[in-house]
Amino acid sequence: METVISLIQKGGPVMYPLLLCSIVALAISIEKIYHLNRARINPEKLMEKIKDAIKRKDFRNAIGYCEATPGPVARVLATAIELRGLTNEEIKEGVEEAVLSEVPRMERFLATLATIVTISPLLGLLGTITGLMKLFNVIYQGEIGNSAALASGIAEALITTATGLIIAIPFLAIHNYLTAKVDSIVNDMEKSVVELLNFFRVEVRDEVEKQATE
């Protein structure tokens with residue numbers, strides 16, 4: 001049975017950048033899955049706590065709930081609460097800046113993962129070409145009867161091609177999963193912020209009506 005080391009050796013020099021790509025892609029995937037799963041919360045439960053605190057005018061506790069909750073949704077909501085004394089336009093601008101600062105953090109390394117998914121099959125193709133060059137070189141030197149040399153070129157071509165595809169296919173699926181995860185969290189941020197701003201407006205209106213009747 002072929003060992004990993006012997007396959008790498010038979011695959012030729014292109015196997016080393018392919019091996020590096022697989023290690024980097026795996027590290028990025030583990031890191032992003034961990035952090036994005038940790039960042040995903042139940043926004044409805046958090047909003048219930050925040051609204052209850054705001055109704056009691058306990059803004060410090062409302063911010064505390066956000067600070068105790070991990071993830072970008074809670075951080076953006078905390079920003080909105082801290083800006084509550086400003087105009088609606090100023091609050092929206094501040095919240096938009098907070099959202100824009102969170103998105104690059106969530107998307108960090110996704111471009112690197114996408115690059116690895118793209119270049120891995122190309123590196124495999126490069127290995128195919130180098131393997132065929134080795135094969136043709138054997139034929140050119142008149143060693144067509146040398147089955148070991150012929151097999152070496154064919155093995156290099158096939159192993160690198162297969163390795164490139166083996167790296168690209170699963171990590172493409174992981175990249176798409178992570179991208180969908182980021183989009184879902186961004187959607188949660190936007191919905192939660194809109195809900196909170198609408199709740200602020202209702203609270204202000206009720207406060208004004210209450211003062212008017214007194």
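Visitor: What accessible area do the residues of the nonpolar patch on the surface have together?

Guide: The model is a predicted one, in which local features need pLDDT of at least 70 and side-chain atom pairs count only at pLDDT 80 or more, while totals for chains, interfaces and linings use all residues. Residues are numbered from 1 along each chain as its sequence is written, and side-chain values use heavy atoms, with hydrogens and water left out. A patch is made of residues with over 30% relative accessible area and no salt bridge, with like charges joined within 9 Å and nonpolar side chains (Val, Leu, Ile, Met, Phe, Trp, Tyr) within 5 Å; areas come from the Shrake-Rupley method with a 1.4 Å probe, and for residues only the protein chains shown count as cover. Here Ile119, Leu122, Leu125, Ile129 and Met133 form the patch, and their accessible area together is about 470 Å².

Visitor: Is Ile129 buried, partly exposed or exposed?

Guide: Ile129 lies in helix α7, where helices are DSSP runs of H or I with at least four residues, strands are runs of E with at least two, and both are numbered from the N terminus. Buried means under 20% relative accessible area, exposed means over 50%, and partly exposed lies in between (1.4 Å probe, protein chains only). At 41% relative accessibility, Ile129 is therefore partly exposed.

Visitor: Which residues are in contact with Ile50, leaving aside its neighbours within four places in sequence?

Guide: Ile50 is one of the core residues that touch the most other members. Contact means heavy atoms within 4.5 Å. With the neighbours within four places set aside, the partners of Ile50 are Ala62, Tyr65, Cys66, Leu77, Ile81 and Leu196.

Visitor: How many residues apart in sequence are the parts tied together by Glu195 and Lys51?

Guide: The structure holds seven salt bridges, each being a side-chain nitrogen of Lys or Arg within 4 Å of a carboxyl oxygen of Asp or Glu. One of them joins the side chains of Glu195 and Lys51 at 2.6 Å, N to O. Because Glu195 lies in helix α8 and Lys51 in helix α3, the parts that this pair ties together are apart in sequence by 144 residues.

Visitor: Which residues do salt bridges that share partners join into one network?

Guide: Arg56 forms a salt bridge with Asp52, with the closest N and O atoms 2.4 Å apart, and another with Asp58, for which the closest N and O atoms are 3.7 Å apart. Arg56 is partly exposed at 44% relative accessibility, as are Asp52 at 40% and Asp58 at 25%. The residues joined into one network are Asp52, Arg56 and Asp58.

Visitor: Where is Lys57, which has a positive phi although it is not a glycine?

Guide: The phi of Lys57 is about 60°. Lys57 is partly exposed, with a relative accessible area of 44%. Its place is in the loop between α3 and α4.

Visitor: How far apart are the end C-alpha atoms of α2?

Guide: The expected span of a helix is 1.5 Å times one less than its number of residues. The 25 residues of α2 should therefore span 36 Å. The distance in the model agrees, since the end C-alpha atoms of α2 are apart by 36 Å.

Visitor: Which residues of α6 are buried?

Guide: An α-helix has 3.6 residues a turn, so residues three or four places apart point the same way. The 20 residues of α6 should span 28 Å, and its end C-alpha atoms, 29 Å apart, agree with this. The buried residues of α6 are Ile91, Gly94, Val95, Ala98, Val99, Glu102, Val103 and Met106.

How values were computed
A nonpolar core is a set of buried Ala, Val, Leu, Ile, Met, Phe, Trp, Tyr and Cys residues joined through side-chain atoms within 4.5 Å.
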